[in-house]
Amino acid sequence: MEKDKQTTTKRAKPQPPKVDPGTEQVLQFKLTLDDFKPRTWRRVQIGSTATMLQFATVVMELFHMMGGHLYAFTFPETTKTLPKRRQIFEPPCVRIAFFTEDDWDAPDGERSFDVADPSLTLAAALDRFPCKKLAFEYDYGDGWGITILFEKALPVGAKAAAKDLPCVLKGEGYGIVDDCGGPWGLTQLVKLVRRRAAGLPIKDTGDDEPLRLQWLDDLHPEAAEALLTPEAFDLDAANAAIRPMIEHHRKD
């Protein structure tokens with residue numbers, strides 16, 4: 001008996017939410033810190049008229065990035081599926097960099113823009129480069145990356161939208177520590193502060209562990225305490241930190 005032919009339906013690729021640059025909207029994103037466990041993420045709503053520079057400031061604040069390093073957004077200029085693990089998108093892509101004077105580190109096929117000019121809005125960027133996912137890079141030496149999933153575009157008056165914008169709806173995890181050596185360095189710091197809290201000896205094994213702890217205590221005392229529970233997230237504190245950054249809406 002001839003076997004029944006199996007029919008397969010090719011799943012359609014998810015399409016990005018529709019952004020209308022001429023209409024004020026509420027945009028919802030899920031921001032996830034790359035290459036670090038425990039899982040560290042935020043679900044954020046922000047007005048479409050916010051600038052890319054303002055959005056960058058919100059992202060940095062939510063992950064405790066101090067802003068002392070270069071940073072950029074990367075939009076995929078391609079319809080191909082994104083790789084699961086990456087620091088930046090493979091060319092062709094569009095890199096929106098801040099406060100840079102050249103593109104010396106731009107791979108072939110990558111187009112860079114300097115948007116220190118605060119006029120470029122989220123709506124304009126997402127309309128020009130529509131995508132479901134984009135990336136945020138911070139401190140190219142340490143290599144911090146945030147994967148940004150564009151979840152929704154809502155009318156300003158939608159019930160699903162937060163009353164105050166920008167707003168964090170939910171999240172998990174603490175964030176980063178500047179200049180600690182990227183995700184690997186942060187993982188080591190978590191181990192060290194937990195060993196110290198448990199009363200276990202901190203030995204100098206050649207990795208300068210006592211000096212790393214002293215550095216953390218001197219420059220980032222709040223992080224030294226927070227890394228004891230790196231999975232914890234203070235929603236109220238996050239909202240209190242970002243809401244003054246951008247003039248937000250209040251719905252009647």
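**Ground rules**

I noted that this is a predicted model, in which local features need pLDDT of at least 70 and side-chain atom pairs count only at pLDDT 80 or more, while totals for chains, interfaces and linings use all residues. Residues are numbered from 1 along each chain as its sequence is written, and side-chain values use heavy atoms, with hydrogens and water left out.

**The chain as a whole**

I found six helices and eight strands in the chain, and along the sequence they follow the pattern β-β-α-β-β-β-α-β-β-β-α-α-α-α. Of the 252 residues, 42% count as buried; buried means under 20% relative accessible area, exposed over 50%, and partly exposed in between (1.4 Å probe, protein chains only). I then looked at contacts, meaning heavy atoms within 4.5 Å, and among those between residues at least 6 apart in sequence, 69% join residues at least 24 apart.

**The loop between S1 and S2**

I next turned to the loop between strand S1 (25-33) and strand S2 (41-47), where Thr-40 lies. Pro-38 is in the loop between S1 and S2 as well, and a cis peptide bond, with omega about 5 degrees, joins Lys-37 to Pro-38. The backbone oxygen of Pro-38 lies 3.0 Å from a polar atom of the Thr-40 side chain. For polar contacts I used pairs of N or O atoms within 3.5 Å; within protein, one must be able to donate a hydrogen and the other to accept it, and residues adjacent in sequence count only if both atoms are side-chain atoms.

Is Thr-40 buried or exposed? Thr-40 counts as buried because its relative accessibility is 1%. Setting aside residues up to four places away in sequence, I saw that Thr-40 touches Leu-31, Thr-32, Leu-33, Phe-63, Glu-172, Gly-173, Tyr-174 and Gly-175. Asp-34 also lies in the loop between S1 and S2 and counts as buried, at 10% relative accessibility; its side chain is joined to that of Thr-147 by a polar contact of 2.8 Å.

How many of the 11 residues of H1 are buried? Eight of them are, so H1 is largely enclosed by the rest of the structure. The buried residues of H1 are Met-52, Leu-53, Phe-55, Ala-56, Val-58, Val-59, Met-60 and Leu-62.

I then examined the nonpolar cores, each a set of buried Ala, Val, Leu, Ile, Met, Phe, Trp, Tyr and Cys residues joined through side-chain atoms within 4.5 Å. In the largest one, which has 57 residues, Phe-29, Leu-31, Phe-73, Phe-75, Leu-126 and Phe-136 touch the most other members. The largest share of this core, eight residues, comes from H1. Leaving aside neighbours within four places in sequence, Leu-126 is in contact with Val-19, Leu-27, Phe-29, Phe-75, Cys-131, Leu-134 and Phe-150. Another core, of seven residues, lies apart from the largest one and includes Leu-154, Ala-161, Leu-165 and Cys-167. As background, I wrote down that in soluble globular proteins nonpolar side chains tend to be buried together.

**Positive phi angles**

I looked for positive phi in residues that are not glycine, and His-64 has a value of about 60 degrees. His-64 is placed in the loop between H1 and strand S3 (71-76), and it counts as partly exposed because its relative accessibility is 34%.

**Around Thr-121**

My last entry concerns Thr-121, in the loop between strand S5 (110-114) and helix H2 (122-128). A polar atom of the Thr-121 side chain lies 3.0 Å from the backbone nitrogen of Ala-124. Thr-121 and Gly-47 are 74 residues apart in sequence, yet 9.6 Å apart in space, C-alpha to C-alpha. Not counting residues up to four places away in sequence, Thr-121 touches Ser-48, Thr-49, Ala-50, Thr-51 and Met-52.

Key. Helix = DSSP H or I, 4+ residues; strand = E, 2+ residues; numbered from the N terminus.
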